[in-house]
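Q: Hey, can we go through this structure together? I'd like to start with the overall picture and then get into details.

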There are 2 protein chains.
Amino acid sequence: MITEIDCRDLDRNDPLAFVRDRFDLADGVIYLDGNSLGPPVRAVAETMNGLANDWQRMLIRGWWDAGWVDLPRRVGDLIAPLIGAGPGTVVCTDSTSINLYKAVVAATQLVEGDILTDSGNFPSDLYVLGSVAELTGRRLRIVDPEQVEESIEAGVVSLTQVDFRTGRRHDLPALTARAHEAGALIVWDLSHSAGAMPIDLDRHGVEMAVGCGYKYLNGGPGAPAFIYVRLDLELTNPINGWFSHRVPFDFDPAYEPATGIDQMRSGTPHVISMAVLEMALSAFDGVDMRAVRAKSEALTGAFIEIVSDFGEVLTPTEPALRGSQVSLRIEGAVDLISDLHQIGIIGDYRPPNVARFGFAPLYIRYIDVWNAAMAIREWRQETSR
Amino acid sequence: MITEIDCRDLDRNDPLAFVRDRFDLADGVIYLDGNSLGPPVRAVAETMNGLANDWQRMLIRGWWDAGWVDLPRRVGDLIAPLIGAGPGTVVCTDSTSINLYKAVVAATQLVEGDILTDSGNFPSDLYVLGSVAELTGRRLRIVDPEQVEESIEAGVVSLTQVDFRTGRRHDLPALTARAHEAGALIVWDLSHSAGAMPIDLDRHGVEMAVGCGYKYLNGGPGAPAFIYVRLDLELTNPINGWFSHRVPFDFDPAYEPATGIDQMRSGTPHVISMAVLEMALSAFDGVDMRAVRAKSEALTGAFIEIVSDFGEVLTPTEPALRGSQVSLRIEGAVDLISDLHQIGIIGDYRPPNVARFGFAPLYIRYIDVWNAAMAIREWRQETSR
């Protein structure tokens, strides 16, 4: 069994230890909810001041002089290396739901057949897929997560890599290969994985991917989302907007699509939110995503080792099968989360009876794992008295 | 002919003079581009600091403790009185393009027939309508602005109230009444009018409206947009998202739409951008929109009176027919705008050969009109030498 001393040793030898100091972490808080909303990097307040200042001084010229107009591509190019995507394949725009909608509608224009997903997908992805099915007349098939591989056939496959409830991770390379074998296009939602593990989109030939900016990317509440399109894929954005035009500032009444990833943009970028995300991504400077994944497996592994005595661990114990969170089914989960919150340990509750703890390797330490697990043990002893 | 002394008198007697001080205007600048990007109100830097602080301290709890979760409705209810809408009929979400897409697709589900618009519509609205037509198989009819009234028949009518190029204003009450007579649903884009004039959506029974947050609402670069739906209208959002669900935080895999305007939301709100818009809307506290319109007509009227000698005024001289901007077709417009910029007078250029000047009544003074017009006169004398 792992000990407190082991945890302190692991922290001392952590090759990512230097990254924690880039975050402005609340005093006395162990934040295990970065999978829901990442904390701010230290420079955020300064970035916001700079934005207010640029806006006040430059006014309309800020679009060019402060580089606002290039933000969506600049942020996209910062996200790209985290998900194994080349420059010019990712753009920051809209919300995850809107991007998923655009991606899946665009996919239906390229391939016949059903839309396949699984019941472990994030609820709002299921809502969006329902909308797409209704609008396009395609059938939406929802299978169990374990049945995805055998269910893939020609059509569109839309999956979320890491299950928000259980932390179960789909095998992205295998399912992508299976989709291609079957003549399907695949769209991955990376909201619960981008920034917590390396993802080799280009290498595996994934057609499209979307993901959110406010979880492991730490872009702040409601940070804009991103969309990736494989470089050789020719598609049509189903929602043509100002910034998906080839030359937006020509104000041409006739639509002419931009080439490449710009085509997946829509309206005016939400500059203030997006600039904060840009700054947040600097936390990844010089960070090796393989080291992030190694630490993630170790953090979640240590936590599982201790807490599996306290409840049912819903998260796969096999490291390759999980993301960077641990879900514990435990009697009184809603009270547990609330009581832990009182002592500065922040996880979250997902119905029914699941306590969920995220381990963001950029700022969570092994000693945090230890202290959180010990607090759960203590809570259990007290409540079972 | 209006004189400098008249302008100073008008400023002294301006019932809206008190509002200008709410803005953090750049020194020595006459800002006539607020119809493209409004300037910041004074409290913006403070709002941003507060946001950074709330995020750092509250983390995930900010959604409730800082009220982020209610922002879209709170901001909607601040915009509502500016456009003659009752509480609970407006929500702040997404971009104008996305909202227009949702509105027009939803309208096609309620009524048969073509989609009608005019060639003076904002280019990106035309792009979006093209997308909707393609997706739904409806025919998109694009007529001249003057032909709209006679062209309306059963179907969907989608118009922008004020033409971004010429400042020509459609007669919203008359065209709405005509649409209803013909059995059409009407969707108004208020991007170039909201905040610059009273708009009585409820009174005229307008079905839906959309608009942007960063022009006369001063919400900052890329501020989120808004959407209005008439209270009794039962429709289906074509892009179901997390926050259009009846109970988003139940994480129910089955979609159940929210009632009312919440149904038109989609993904997670862009909190940071939206909170800045919320603060910006405080500039309208205690402001009578009829006084705003009266001042707008007077400002644009004075400007037209002087500059009509210098070029072709594309904006209607009849006050009722124009919005709050004046477009001047003038030889060398692109140089004029650039040269004026050098001396702190900021308008903008729209191809071909149009110099565009916006007069936001909340912070533009009559003396600004005078000085800008005199600067154009001087430029013309110098360049014609």
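Q: What radius of gyration does chain A have, and what would a compact globule have?
A: This is a predicted model, so keep that in mind throughout. Chain A has a radius of gyration of 21 Å, and a compact globule with 385 residues would have one near 21 Å, so the two agree.

Q: How far does chain A span along its principal axes?
A: Its C-alpha trace covers about 70 × 55 × 35 Å.

Q: And how many helices and strands are in there?
A: Chain A has 13 helices and 13 strands.

Q: What share of chain A is buried?
A: Of its 385 residues, 56% count as buried.

Q: What about contacts between residues at least 6 apart in sequence, how many of those join residues at least 24 apart?
A: In chain A, 71% of them do.

Q: Let's zoom in on α2. How do α2(A) and α2(B) cross?
A: Their axes come within 9 Å and cross at roughly 160°. An angle over 145 degrees counts as roughly antiparallel, and α2(A) and α2(B) are therefore roughly antiparallel to each other. The crossing is right-handed.

Q: Which residues make that contact?
A: From α2(A) you have A:Val44, A:Ala45, A:Met48, A:Asn49 and A:Ala52, and from α2(B) you have B:Val44, B:Ala45, B:Met48, B:Asn49 and B:Ala52. By class, that makes 8 nonpolar, 2 polar and no charged residues.

Q: Now a pair inside chain A: how do α1(A) and α13(A) cross?
A: Helix α1 (residues 4–12) and helix α13 (residues 366–384) of chain A have axes that come within 7 Å and cross at roughly 155°. These two are therefore roughly antiparallel as well.

Q: Who's touching whom there?
A: On α1(A) the contact uses A:Glu4, A:Cys7, A:Arg8, A:Leu10 and A:Asp11, while α13(A) brings A:Tyr366, A:Ile367, A:Val369 and A:Trp370. By class, this contact has 6 nonpolar, no polar and 3 charged residues.

Q: Back to α10(A). How many of its residues are buried?
A: 10 of its 10 residues are buried, and the helix is mostly covered. Among them are A:Val271, A:Ser273 and A:Glu278.

Q: What covers them?
A: The cover includes α2, α4 (71–79) and β2 (90–92) of chain A, together with α10 (271–281) of chain B.

Q: Can we look at single residues? Where is B:Ser97, and is it buried or exposed?
A: B:Ser97 sits in helix α5 (residues 96–108) of chain B. There are 29 other C-beta atoms within 10 Å of B:Ser97, so it is buried.

Q: Leaving aside neighbours within four places in sequence, what is B:Ser97 in contact with?
A: In chain A, the contacts are A:Ile239, A:Gly241, A:Trp242, A:Ser266 and A:Gly267, and in chain B they are B:Ser124 and B:Val128.

Q: And where is B:Leu235 found?
A: B:Leu235 is in the loop between β8 (226–229) and α10 of chain B. It has 20 C-beta neighbours inside 10 Å, so B:Leu235 counts as buried. Not counting residues up to four places away in sequence, B:Leu235 touches B:Ala106, B:Gln109, B:Leu110 and B:Val229.

Q: Where does A:Pro352 lie?
A: In the loop between β12 and β13 (354–358) of chain A. A:Asn353 lies in the loop between β12 and β13 too, and its phi is near 65°, a positive value in a residue other than glycine.

Q: Is A:Asn353 buried or partly exposed?
A: Partly exposed, because A:Asn353 has 16 C-beta neighbours inside 10 Å.

Q: What about phi of A:Asp94?
A: That phi is near 55°, which is positive in a residue other than glycine. A:Asp94 is in the loop between β2 and α5 of chain A, and with 32 C-beta neighbours inside 10 Å it counts as buried.

Methods:
Residues are numbered from 1 along each chain as its sequence is written. Chains are lettered from A and ligands numbered from 1 in the order in which they are written. This is a predicted model: local features need pLDDT of at least 70, side-chain atom pairs count only at pLDDT 80 or more; totals for chains, interfaces and linings use all residues. Axes are lines fitted to C-alpha atoms, for helices over the stretch in contact, and angles run from 0 to 180 degrees between N-to-C directions. Helices (H or I, at least four residues) and strands (E, at least two) are DSSP runs, numbered from the N terminus. Angles under 35 degrees count as roughly parallel, over 145 as roughly antiparallel, 65 to 115 as roughly perpendicular and the rest as oblique. A crossing is left-handed if the near helix is turned anticlockwise from the far one by less than a right angle, and right-handed if clockwise. Two residues are in contact if their C-beta atoms, placed from the backbone, lie within 7 Å. Ala, Val, Leu, Ile, Met, Phe, Trp, Tyr, Cys and Pro count as nonpolar, Asp, Glu, Lys and Arg as charged, and the others, Gly among them, as polar. The radius of gyration is taken over C-alpha atoms; the globule rule is 2.2 Å times the number of residues to the power 0.38. A residue is buried if 20 or more other C-beta atoms lie within 10 Å of its own, exposed if 12 or fewer, and partly exposed in between; C-beta atoms are placed from the backbone.
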